[in-house]
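Here is a short walk through one protein model. Keep the sequence and the 3D view side by side as you read.

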Amino acid sequence: MARDEKKYNKWYRSTPHGKAVCTWTQINERAENKNGKCPTYANVKVLMTREEWLEWAVPEYEKAMKKWPNERISVNRLDQHYEIGKLEIIPHRENVIQKPSNKNVHAPDGMAWCGRCKAYLDTKDFHKCKTYAKGVYCYCINCTAALYQERTYKNPPLQKNVNAPDGMAWCGRCKAYLDKECFNKCKSRYNGLSDRCRSCCKEISKNRKSY
Ligand SMILES: [Zn+2]
Ligand SMILES: [Zn+2]
């Protein structure tokens, strides 16, 4: 009898339902470092019920087991917490090497990962960029624009130059718009000019010398 039970347990653990149940136990041991062995999981929460998990995970395990019949498969978080919609069932091997930077390796067809949306979006929502995985930039078009804006706001001189009147540039020391002629060229800047006017630059270097 005991032997049959063992056999049964072994068989059960090899079924999608059995795997999902076992994984549920493991997730709950790891999350928030409840077992004291997983400090990296201290801020990882389980934001789903057992029922929600099983409803999603059982068919996912079924699919994964068909796709990778000879591999150990496990659950991978696409975000901070264990949450339906932010999990995937993939081979353990890939799970281990997976980092946010190679989210695109597992992207569904025609989709790419946006590092700011933290979601897979249609590749049409991205600017093309050959150097990145999938040939698209790591942020979607909307996020790229938002990030550019954020950066601009955090950089007042740049913000000023974005809004500069024609033929003028902002001097961060004079705190005024001056004719572009008053500035030295500086290729790395937004408008190709130094962020201080020529006379300010001169004064700054004079002051430096007097130290
Ligand atoms: Zn985005
Ligand atoms: Zn100036």
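This is a predicted model: local features need pLDDT of at least 70, side-chain atom pairs count only at pLDDT 80 or more; totals for chains, interfaces and linings use all residues.

Strand E3 covers residues 111–114, and strand E4 covers residues 119–122. The two strands run antiparallel and are joined over four bridges. Four residues lie between E3 and E4. One of the turn residues, Lys 118, has a positive phi of about 55°.

Now step back to the whole chain. The protein chain holds seven helices and 10 strands. Of its 211 residues, 17% are buried. Consider the contacts with a separation of 6 or more: 30% of them link residues 24 or more positions apart.

Next, turn to one helix. H2 takes in residues 16–30, which is 15 residues. At 1.5 Å a residue, H2 should span 21 Å.

Which residues of H2 are buried? They are Pro 16, Lys 19, Ala 20 and Ile 27. Look down the axis of H2: these buried residues fall within an arc of 95°, so they line one face of the helix. An α-helix has 3.6 residues a turn, so residues three or four places apart point the same way.

The other side of H2 has exposed residues, Cys 22 and Thr 25. Just after H2 comes Glu 32, with a positive phi of about 55°.

Key
Residues are numbered from 1 along each chain as its sequence is written. Chains are lettered from A and ligands numbered from 1 in the order in which they are written. A residue is buried if 20 or more other C-beta atoms lie within 10 Å of its own, exposed if 12 or fewer, and partly exposed in between; C-beta atoms are placed from the backbone. Two residues are in contact if their C-beta atoms, placed from the backbone, lie within 7 Å. The expected span of a helix is 1.5 Å times one less than its number of residues. The arc is that of the directions from the helix axis to the C-beta atoms. Two strands pair if DSSP finds at least two bridges between them.
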